[in-house]
Amino acid sequence: MKRAISIVMMIAGVATWGDDLASCRKAAEQGDARAQSQLGWFYGSGTGVEQNYAEAVKWYRMAAAQGDAYAQLQLGWHHANGAGVAKNSSAAAGWYLKAAEQGYAPAQYEIGMCYYGGQGVETNYQEAFKWLKAAAEQGHLKAQQDLALTYRFGGINAEKDPTEAAKFDRMAAEQGDPSAMYYTAVDYRDGEGVEKNVAEAAKWFLMAAKQGHDGAQYELGHCYAKGAGVNKSNTEAAKWFRMAAEQGHAMAQYELGLCYANGTGVNKNDEEAAKWFRMAAEQVEKEAIDWQREYGSKYIHYTSVKPFYSLGICYADGIGVKKNELEAVRWLCKAAENGESELGEELYGNACRKLVGLYWSGEASNIFLAVKWWWNEPANWSHYAVFAMLAVAAYLGGALSGKRSKEKSLKTDDGVETGAKA
């Protein structure tokens with residue numbers, strides 16, 4: 001869980017004086033802890049005064065000494081970031097802990113993250129989990145998000161628990177977080193940690209989609225395409241696929257391409273279909289390269305290879321683009337090399353057959369690769385030996401024919417042979 005510690009600028013109870021700096025200062029100078037805490041905020045945020053972290057720290061210290069949890073939290077942030085005071089992660093953790101022990105949720109989250117990352121304290125997943133859960137149960141949004149992920153995949157001293165994951169997803173979703181809304185929808189769609197309910201899934205997908213969550217827009221497109229939890233509507237499906245596609249969601253771009261290719265929910269348009277297939281394919285390819293660079297794995301991770309297949313077919317048959325056999329081979333190979341499990345039996349078989357045809361003759365002609373892809377198509381396995389023999393015979397026949405032509409050209413004008421005999 002990588003994150004930068006963020007300063008909390010205002011909380012209920014601190015803003016007692018509103019923007020009345022003079023009254024706040026007067027009360028702070030008389031020893032009022034809440035006024036001292038808010039005056040620290042004025043200086044820290046530069047509200048009504050020139051921003052001055054050192055002055056903010058001075059007033060926060062006064063309030064913190066009187067047990068003000070908000071001031072203690074802010075002192076933790078200032079020490080963690082070296083703002084107005086020397087950077088000191090141990091001091092930061094100490095202040096976070098003081099506020100956390102008073103039950104202050106933002107501080108509980110921060111000390112939990114300190115224990116998780118070993119910032120100012122020794123790494124301790126048990127303590128990290130304890131404090132994150134305490135914060136989450138008090139309604140701290142980021143803690144709820146982190147706990148949901150922890151329970152979904154397991155980690156930070158917690159076993160994988162779909163029920164708990166769904167619980168914290170829902171808590172964060174009810175605070176209006178679009179990512180949590182998306183995961184809540186996924187929980188209901190898949191029946192993970194809650195009873196499966198496609199209508200409830202569609203409801204949460206819609207709520208997240210309206211806030212611009214591209215994954216939710218993509219999934220909502222599928223809901224409308226299938227009539228899952230909503231009335232089936234190809235027009236609505238295409239609309240939501242487009243919204244996600246325009247945000248750069250690769251698989252939404254692919255689905256929108258299919259809409260144009262088949263005239264589903266939009267007017268059929270081969271050029272638009274090819275455009276969206278290309279955008280999807282190029283993005284998936286880029287994501288795969290980024291994945292390989294990030295994780296240093298020799299294995300390429302593809303979100304899906306179907307955009308590669310569809311773009312390859314467009315180039316092979318000149319659908320929406322100028323026919324280009326080399327581009328067709330490039331994209332179809334990317335699709336087919338990931339195997340039947342990724343493409344599905346029908347598309348994998350089609351890709352193999354297209355590659356056989358492209359390699360058999362034309363710009364990409366290569367008889368051995370034609371044999372390879374003919375053999376890779378499961379329907380042809382029983383005929384492999386016969387085909388291979390014919391292919392080799394055809395290749396050798398072409399080679400021998402070329403050799404004879406070369407020898408013939410070596411004869412002199414008077415018919416004397418200058419080349420070696422075969």
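Student: Hi! Where does Leu-149 sit?
Tutor: Leu-149 is part of helix H8, which covers residues 141-153. Keep in mind that we are looking at a predicted model.

Student: Is Leu-149 buried, exposed or in between, and why?
Tutor: Leu-149 counts as partly exposed, because its relative accessibility is 37%.

Student: Staying with H8, how does helix H7 pack with it?
Tutor: H7 runs over residues 125-137, and its axis lies 8 Å from that of H8, at an angle of about 125°. That angle makes H7 oblique to H8.

Student: And which hand does the crossing of H7 and H8 have?
Tutor: The H7 and H8 crossing is left-handed.

Student: OK, what about H3 and H4, at what angle do they pack?
Tutor: Helix H3 (residues 53-65) and helix H4 (residues 69-81) pack at about 140°, and their axes are 8 Å apart. H3 and H4 are therefore oblique to each other. Their crossing is left-handed.

Student: Where would I find Ala-71, and why does it count as buried?
Tutor: Ala-71 is in helix H4. It counts as buried because its relative accessibility is 0%.

Student: How far apart are Ala-71 and Val-57?
Tutor: In sequence, Ala-71 and Val-57 are separated by 14 residues. In space, the C-alpha to C-alpha distance for Ala-71 and Val-57 is 8.9 Å.

Student: Changing topic to charges: how many salt bridges are there in the whole structure?
Tutor: A search of the whole structure turns up 20 salt bridges.

Student: Nice, let's go through a few. What does Glu-164 pair with?
Tutor: Glu-164 forms a salt bridge with Lys-167, and the closest N and O atoms are 3.7 Å apart. Both Glu-164 and Lys-167 belong to helix H9 (residues 162-173), where they are 3 residues apart, about one turn of the helix.

Student: Is Glu-164 buried or exposed? And how does Lys-167 count?
Tutor: Glu-164 counts as buried, because its relative accessibility is 17%. Lys-167 has a relative accessible area of 34%, so it is partly exposed.

Student: How accessible are Glu-272 and Lys-275?
Tutor: Glu-272 is partly exposed at 22% relative accessibility, and Lys-275 is partly exposed too, with a relative accessible area of 31%.

Student: And Asp-290, what is its salt-bridge partner?
Tutor: Asp-290 pairs with Lys-286, with 2.9 Å separating the closest N and O atoms. Asp-290 and Lys-286 are separated by about one helical turn, because they are 4 residues apart in helix H15.

Student: Last one: which residues are linked in a network of salt bridges?
Tutor: Glu-285, Glu-327, Arg-330 and Lys-334 are linked in such a network.

Definitions and conventions
Residues are numbered from 1 along each chain as its sequence is written. This is a predicted model: local features need pLDDT of at least 70, side-chain atom pairs count only at pLDDT 80 or more; totals for chains, interfaces and linings use all residues. Side-chain values use heavy atoms; hydrogens and water are left out. Helices (H or I, at least four residues) and strands (E, at least two) are DSSP runs, numbered from the N terminus. Buried means under 20% relative accessible area, exposed over 50%, partly exposed in between (1.4 Å probe, protein chains only). Axes are lines fitted to C-alpha atoms, for helices over the stretch in contact, and angles run from 0 to 180 degrees between N-to-C directions. Angles under 35 degrees count as roughly parallel, over 145 as roughly antiparallel, 65 to 115 as roughly perpendicular and the rest as oblique. A crossing is left-handed if the near helix is turned anticlockwise from the far one by less than a right angle, and right-handed if clockwise. A salt bridge is a side-chain nitrogen of Lys or Arg within 4 Å of a carboxyl oxygen of Asp or Glu.
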